Amino acid sequence: MGVTDVLIVGAGPTGLVLACDLARRGAAVRIVDRSPVPPRTSRAKGPNARSLEILDDLGVAEEVLAAGSAPLPMLKYRDRLPVAETDPWADSAPSPDALYDRGRLIAQWRLEEILRDRLAGYGVRVELDREVAGLAEGPGGRHVDVTFAEGRTERARYVVGCDGAHSSVRKLLGIGFEGATAEDQVMVCGDVDLADGALDRTRWHQWFDEDGAVMLCPIPGTRTGWWFQAGPERDGRGRPLAPTADGFRRLLARHTALPGRALTGAELLSTYRVNVRMADRFRAGRVFLAGDAAHVHAVAGGLGMNTGIQDAFNLGWKVGLVLAGHAGAELLDTYEEERLPVAARTLDLTSERLRATLEAIRRPGGGLDAAITSDTTGLGVGYRWSSLARGLAEDPRAGDGSPDAEVRTARDGERPAPQPGDRAPDAPCVDGVTGARTRLHRVFAGPGTTVLGFGPGSAAALREVAAAYGDAGVRTCRVYAAHEDRAESGPGAAVVDDEGHAAAAYGTKASDGTGTGTGTSTLVVVRPDHHLGLSAPADDTRSVPAYLRRLHGGTRSAEGAAERFSGIGGRRR
């Protein structure tokens with residue numbers, strides 16, 4: 001019986017992002033889904049800013065941007081009349097450290113289609129109509145035996161359950177899913193078609209009345225398709241009725257100025273109840289949970305699919321390094337260590353945003369914009385508390401390393417230099433070889449760890465890193481200040497920080513401005529998921545080698561490099 005490296009159960013955005021990430025690392029990955037055909041539901045309205053960065057790293061962001069649309073202004077109504085219009089992103093713009101300042105509207109089925117096509121480019125296709133019925137640890141604990149509903153048993157070194165809130169994988173593991181369902185907070189949803197020209201498709205229309213609500217958002221890539229959300233019809237006892245096309249027409253006629261017949265079709269109808277739950281743990285031996293299989297929460301803020309995508313991006317590189325034999329299996333413990341607190345914080349944040357939204361819509365002019373804050377972009381999420389975060393600066397603004405402290409820091413008007421565990425900032429710069437405009441996130445793109453060197457004193461250390469770990473997935477990049485002499489080019493990439501954005505983003509002062517190189521030289525280790533692992537002076541002879549050994553192993557060349565590192569500490573910079 002052959003053994004697959006990783007079997008992913010569930011082919012939604014979480015599972016597909018994980019599969020793409022593992023496949024590009026050379027892992028033998030398979031992905032199965034119980035559905036007999038790819039679903040066509042629109043569901044989640046699209047990736048947020050942080051998820052767009054991840055999709056960019058995977059090479060599909062341009063296609064996602066082309067297939068979707070920018071978030072739309074919200075037109076709010078009361079008693080069928082427009083009363084207010086709000087654009088939650090009116091004051092937002094891309095910045096040097098973040099190319100994406102907002103998310104993108106795109107039907108979930110279209111995003112999944114793009115990811116499936118990307119995965120097929122690696123020779124991997126989703127295996128449909130395959131339901132997992134049993135999981136058992138194999139002999140010696142070296143693999144998992146997976147039994148499918150048709151009775152066939154297959155083996156995988158690791159299994160990841162990305163199979164939604166009703167996860168079979170989670171249930172088979174016996175992992176608790178504690179929380180609560182708010183039976184009184186109910187919404188009916190579906191994809192509908194409206195008569196051509198019935199509504200302006202450049203707006204997200206929201207009718208909030210004292211006796212109910214209807215929300216209609218145009219689905220990008222369609223001519224007459226809309227996301228429909230509404231408070232349900234109720235029976236004589238006040239119990240919500242199941243959604244139907246005729247029910248949607250009655251709701252449309254009751255709350256909007258449109259006649260019911262303007263709704264010409266409805267499909268994928270469902271009833272949504274606010275469900276706030278989280279798994280007791282995200283790992284059981286060689287089996288992991290990600291996305292809705294691990295956590296579900298209020299829809300406010302649109303963080304469901306996005307939190308799952310970010311789970312996948314955190315897990316993929318760790319499994320990849322372990323499979324490649326670079327890192328020890330203990331690295332996998334950091335998945336739960338890092339993502340479980342983020343999930344817990346997300347449950348709190350979305351519940352808070354739901355309360356704010358329910359309060360806002362009681363007043364004319366209130367709407368779903370109350371759910372949107374800087375926290376919902378995902379750009380402020382990091383892992384300062386993680387065992388993978390080293391050298392936390394004793395900056396009083398850095399907080400105590402907890403998720404809540406980290407969110408508070410991200411809200412400050414003045415951002416301190418990023419700390420280990422934080423998202424690695426982007427920055428526009430110039431390719432040191434071609435002279436073309438580029439960005440640091442382009443340097444980071446792909447499955448490797450990146451070591452940035454600021455200042456002339458970083459050159460020798462970058463050479464040692466390249467010699468020790470260049471064959472183990474570690475890239476080096478020398479970041480030159482605009483005034484620095486670039487005559488001597490070392491291994492790896494080189495960029496010119498011509499506008500000073502990289503130095504500003506990373507809090508480095510690589511030179512005194514005269515070109516003499518008497519300022520501080522710094523090494524910055526960026527993890528494969530764009531989070532800072534370590535920032536240290538270039539003449540620190542132990543921190544960088546020790547950190548890289550944890551992720552990429554103690555190869556013979558690395559052991560020799562450790563000795564050479566210790567020898568360069570006292571050299572003149």
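Q: How many helices and strands are there in the protein?
A: This is a predicted model, in which local features need pLDDT of at least 70 and side-chain atom pairs count only at pLDDT 80 or more, while totals for chains, interfaces and linings use all residues. Residues are numbered from 1 along each chain as its sequence is written, and side-chain values use heavy atoms, with hydrogens and water left out. Helices (H or I, at least four residues) and strands (E, at least two) are DSSP runs numbered from the N terminus, and the protein has 14 helices and 22 strands.

Q: Which strands stand at the edges of the open sheet of 7 strands?
A: Pairing, which requires that DSSP finds at least two bridges between two strands, is mixed in this sheet, and the order is β17-β16-β20-β19-β18-β21-β22. Two strands each have a single partner, so one side of each is left without a neighbour in the sheet, and these are β17 (437–439) and β22 (532–537).

Q: Which residue in β17 is the bridge partner of Cys429?
A: Strand β16 (residues 428–431) runs antiparallel to β17, and 3 bridges join the two. Within β17, the bridge partner of Cys429 is Thr438.

Q: At about what angle does helix α13 run to β22?
A: Axes are lines fitted to C-alpha atoms, for helices over the stretch in contact (heavy atoms within 4.5 Å), and angles run from 0 to 180 degrees between N-to-C directions. Helix α13 (residues 543–552) lies across β18, β19, β21 and β22, and its angle to β22 is about 160°.
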